[in-house]
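I opened the notebook on this model and listed what to look up.

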Amino acid sequence: MWIMANHSSLVSEFIFVGFSKLPQWRMLLFALVLSMYTVSLAGNTVITSVIKLNPVLHTPMYFFLTNLSLLEICYTTAIVPKMLVSLVSGNGQISLWGCATQMYFFTLFGITECCLLAAMAYDRYVAICKPLHYSVIMNWGVCAQLSVASWSVGVMVGLGQTNYVFSLTYCGPNKINHFFCDIPPLLTLACGDTSMNVIAVYMVALLFITAPFLLILTSYIYIISSILRMPSAEGRHKAFSTCSSHLIVVSLFYGSGIITYLRPKSSYSAESDKLLALFYTVVTSMLNPVIYSLRNKEVKVALSRTMGKKLCFRRHHCSLLFSSGLNIIT
């Protein structure tokens, strides 16, 4: 593996503290997280399948939404299964290599989502502010480039941060006051000076969390300005409905992320960080497909059409079986 090639540490494994201060709620929390994780997997899989099966949804906006849904599946899967095992067994052990791998994928998917949400905002900006040039500007080559760039940035930042954090020496204690291997709680366990690592975390947060957020904010300033200049109320409502789902998702994801990684160290609280992390790793992933399906007319129509086709196929199949059975009997 690329990380920790020449690394020596007195600690060979870590132990997640998780929600051990609330042992009486452990099984309830397990059931709650499992339910949300199941809904997240099912919802994002349905969104991806519906878009793939309906040619009318083969547009740049839904291309990015497919990427987002696949990303959400990967993002939660990097964290939740290990958390569920720890909740059931009460054993929060994870090896040094396992912790590094989890941190890498969590960082990769998190940074990729930040960049992808910015790409989606740009798509909405072009669609509403430059509608006549939309098909030229947002051609499939540009969409592919934005998607590849988002994933590439995630890969590079994930590699850099994971290498940087695990180049430190961990000599004990080995209890991580969290339910997954996130950077801030791990830095508190490292031996020696971690000030440069803390600066690196802030730099990454500014470049790859705050900067995309500012791009999204700028896009929506132009979008809202264009919508307000539209002459008809129906046109304004239709234009805003195409980007309202994305705006809600951005607010949920970025709100919790900025509070977690950019707030002053003096206001740091491990317990509040766990709750925020639970929100942006599980809750938002569960809500995203719900938001996009309930607030998007095209997705609702495509979903009902897909379900209708499946129902008709099943009825036709059952009818054929029934007819075959009658022919055999007679």
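What volume does the largest pocket have? I read about 560 Å³. I worked on a predicted model, where local features need pLDDT of at least 70, side-chain atom pairs count only at pLDDT 80 or more, and totals for chains, interfaces and linings use all residues. Residues are numbered from 1 along each chain as its sequence is written, and side-chain values use heavy atoms, with hydrogens and water left out.

**Pocket.** I noted the terms: a pocket is an open set of points on a 1 Å grid over the protein atoms alone, where a 1.4 Å probe fits, with protein on both sides within 12 Å along at least five of seven lines. Lining residues have an atom within 4 Å of a point. Volume is the space filled by probe spheres set on the points, which are joined across faces, edges and corners.

I found 21 lining residues in the largest pocket; closest to its centre are Met61, Lys238, Ser241, Thr242 and Glu298. Two or more lining residues come from each of α2 (60-77), α4 (96-129), α9 (233-262) and α11 (297-329). α9 gives the most, eight residues.

**Fold.** I counted 11 helices and three strands (DSSP runs: helices H or I, at least four residues; strands E, at least two; numbered from the N terminus). Their order along the sequence is β-α-α-α-β-α-α-α-β-α-α-α-α-α.

**Packing.** Of 330 residues in the chain, 45% count as buried (under 20% relative accessible area, 1.4 Å probe, protein chains only). Contacts (heavy atoms within 4.5 Å) with a separation of 6 or more are 82% between residues 24 or more positions apart.

Note on methods:
Buried means under 20% relative accessible area, exposed over 50%, partly exposed in between (1.4 Å probe, protein chains only).
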